[in-house]
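Please look over the sequence and the model before reading on.

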Amino acid sequence: LDRGTYRPAFTELVDMLDRWPPPKKYNTEDWLVWTQADQSINKAIEAYCTEMKRQLKESITTATAESFRKSSDRTDALLWKLRGEEARTFRECVALARAS
C-alpha cells in the first residue's frame with residue numbers, strides 16, 4: 001500500500017494471496033512486485049523460525065532433558081511432549097521457508 005501498488009481488483013485475488021507457501025507464479029501484471037514481497041516475508045519467517053529453534057535448543061541442558069524423558073510425573077510428560085511439538089514445528093517451519 002505504501003508503494004502505491006494497491007488496486008481494488010486485488011480483492012478478486014484473495015484466494016491466491018491466502019496460500020502458503022505462495023504460488024511460484026502469479027497471474028497478474030504486478031507479478032514481480034508480489035514475488036519480491038513473498039521473498040521478503042519468507043526471509044523474515046525463516047529468520048524467526050531459525051531463531052526460535054536455536055532458543056529452544058539452547059534453553060535446556062542434556063541433564064534436564066534426560067530428567068524429563070525419564071520422569072513418571074504426568075506434568076513432566078506433557079511438558080516434554082509440548083517441547084517436542086515445538087521443536088518439530090520450528091524444524092518444519094525452517095524447512096518450508098527454505099523450500100519456498
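A salt bridge here is a side-chain nitrogen of Lys or Arg within 4 Å of a carboxyl oxygen of Asp or Glu. The model is predicted: local features need pLDDT of at least 70, side-chain atom pairs count only at pLDDT 80 or more, and totals for chains, interfaces and linings use all residues. Residues are numbered from 1 along each chain as its sequence is written, and side-chain values use heavy atoms, with hydrogens and water left out.

**Salt bridges**

Side chains of opposite charge can pair when their charged atoms come close. By the rule above, the count comes to seven salt bridges. Glu51, Arg54 and Glu58 are linked in a network of them. The table lists some of the pairs.

| Pair | Closest N to O distance |
|---|---|
| Glu46 and Arg98 | 2.9 Å |

Helices (H or I) are DSSP runs of at least four residues, numbered from the N terminus. Arg54 and Glu58 both sit in helix H2, four residues apart, about one turn of the helix. Glu85 and Arg88 are three residues apart in helix H4, again about one helical turn.

Glu46 forms a salt bridge with Arg98. Glu46 lies in helix H2 and Arg98 in helix H4, so this pair ties together parts that are 52 residues apart in sequence.

Accessibility uses a 1.4 Å probe and protein chains only: buried means under 20% relative accessible area, exposed over 50%, and partly exposed in between. Glu46 is partly exposed at 23%, whereas Arg98 is exposed at 57%. Arg54 is partly exposed at 36%, and Glu58 is exposed at 57%. Glu85 is partly exposed at 36%, as is Arg88 at 33%.

Ala95 also belongs to helix H4. Its C-alpha atom is separated by 8.5 Å from that of Glu46, 49 residues apart along the chain. Ala95 is partly exposed, at 45%.

**The disulfide**

A disulfide is a pair of cysteine sulfur atoms within 2.5 Å. How many does a search of the whole structure find? It finds one. Cys49 and Cys93 form it, with their sulfur atoms 1.8 Å apart. Cys49 lies in helix H2 (residues 31-58) and Cys93 in helix H4 (residues 74-99), so the pair ties together parts that are 44 residues apart in sequence. The torsion about the S-S bond is about 60°, so the disulfide is right-handed. Both cysteines, Cys49 and Cys93, are buried.

**Aromatic pairs**

Rings of Phe, Tyr and Trp (its six-membered ring) pair if their centres lie within 6.5 Å; planes under 30 degrees apart count as stacked, over 60 as edge-to-face and the rest as tilted. The count comes to two aromatic pairs. The rings of Tyr48 and Phe90 have centres 6.3 Å apart and planes at 70°, so this pair is edge-to-face. Tyr48 lies in helix H2 and Phe90 in helix H4. Tyr48 is partly exposed at 47%, whereas Phe90 is buried at 14%.

The rings of Phe68 and Trp80 have centres 6.1 Å apart and planes at 15°, so this pair is stacked. Phe68 lies in helix H3 (residues 62-70) and Trp80 in helix H4, so the pair ties together parts that are 12 residues apart in sequence. Phe68 is partly exposed at 23%, and Trp80 is partly exposed at 26%.

Key
Helix = DSSP H or I, 4+ residues; strand = E, 2+ residues; numbered from the N terminus.
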